[in-house]
Amino acid sequence: MRTVQKEKDLSSCEKMIMKIVWDAKGDIPTPEVIEQIKTKYGKNYARTTVATFIQRLIEKGFVTTYRRGRIAYIHAERDEKQYTLNFLKHIREFWFQGQLTSLVSALCEESKPTAEEVEQLRKLIDEMDH
């Protein structure tokens, strides 16, 4: 089995913040992140708690911050797609012994794909064959 470089572990709160930052499609003010954590995820974290998670993300190289006046802005330093691909690659290698079919099978067992999704999968497989 080949070794896959594991993506740096993010806590669930760090992932939540990164998802908000990536969805913003640009720099986002910290108060907006705090508000979205509350409205999207139902978490009522104090500003200092969010600041701690952001500091950890800085230390892991996921974000940088800067100030404009009294407001701190968060800038993503890592690409969401690349993070997701690395994360999935690790899951495939660790949990499914590198077997793509086992991973896909597990996903389909968890949530049966719609007819439209099955058709999209068929097209994707056909494209890989060519």
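Lys19, Asp23, Lys40 and Glu80 are linked in a network of salt bridges, a salt bridge being a side-chain nitrogen of Lys or Arg within 4 Å of a carboxyl oxygen of Asp or Glu. This is a predicted model, in which local features need pLDDT of at least 70 and side-chain atom pairs count only at pLDDT 80 or more, while totals for chains, interfaces and linings use all residues. Residues are numbered from 1 along each chain as its sequence is written, and side-chain values use heavy atoms, with hydrogens and water left out.

Let's walk through that network. Lysine 19 bridges to glutamate 80, with the closest N and O atoms 3.0 Å apart. Lysine 19 belongs to helix 1 and glutamate 80 to helix 4 (residues 80-96), so this pair ties together parts that are 61 residues apart in sequence. (Helices are DSSP runs of H or I with at least four residues, strands are runs of E with at least two, and both are numbered from the N terminus.) Then there's lysine 40, which forms a salt bridge with aspartate 23, the closest N and O atoms being 3.8 Å apart. Here helix 2 supplies lysine 40 and helix 1 supplies aspartate 23, so the parts tied together are 17 residues apart in sequence.

How many salt bridges are there by this rule? The count comes to 4. One of them joins glutamate 14 to lysine 60, with 2.8 Å between the closest N and O atoms. Glutamate 14 sits in helix 1 and lysine 60 in the loop between helix 3 and strand 2, so the pair ties together parts that are 46 residues apart in sequence. Glutamate 14 is buried, at 1% relative accessible area, whereas lysine 60 is partly exposed at 24%. For those words, buried means under 20% relative accessible area, exposed over 50%, and partly exposed in between (1.4 Å probe, protein chains only).

Now for the inside. In soluble globular proteins, nonpolar side chains tend to be buried together. The largest nonpolar core here has 20 residues, and Ile17, Val33 and Phe62 have the most contacts inside it. Such a core is a set of buried Ala, Val, Leu, Ile, Met, Phe, Trp, Tyr and Cys residues joined through side-chain atoms within 4.5 Å. Helix 1 (12-24) provides the largest share of this core, 7 residues. Valine 33 touches Ile17, Ile20, Ile28, Val50 and Ile74, not counting residues up to four places away in sequence; contact means heavy atoms within 4.5 Å.

Threonine 30, in helix 2, counts as buried at 14% relative accessibility. Leaving aside neighbours within four places in sequence, threonine 30 is in contact with Ile54, Ala72 and Ile74.

Two strands pair if DSSP finds at least two bridges between them, and strand 2 and strand 3 (residues 71-76) have 6 bridges in the antiparallel sense. Arginine 67, for instance, has alanine 72 in strand 3 as its bridge partner.

Last stop: helix 6 (residues 115-129), where isoleucine 125 is found. Isoleucine 125 is partly exposed, with a relative accessible area of 47%.
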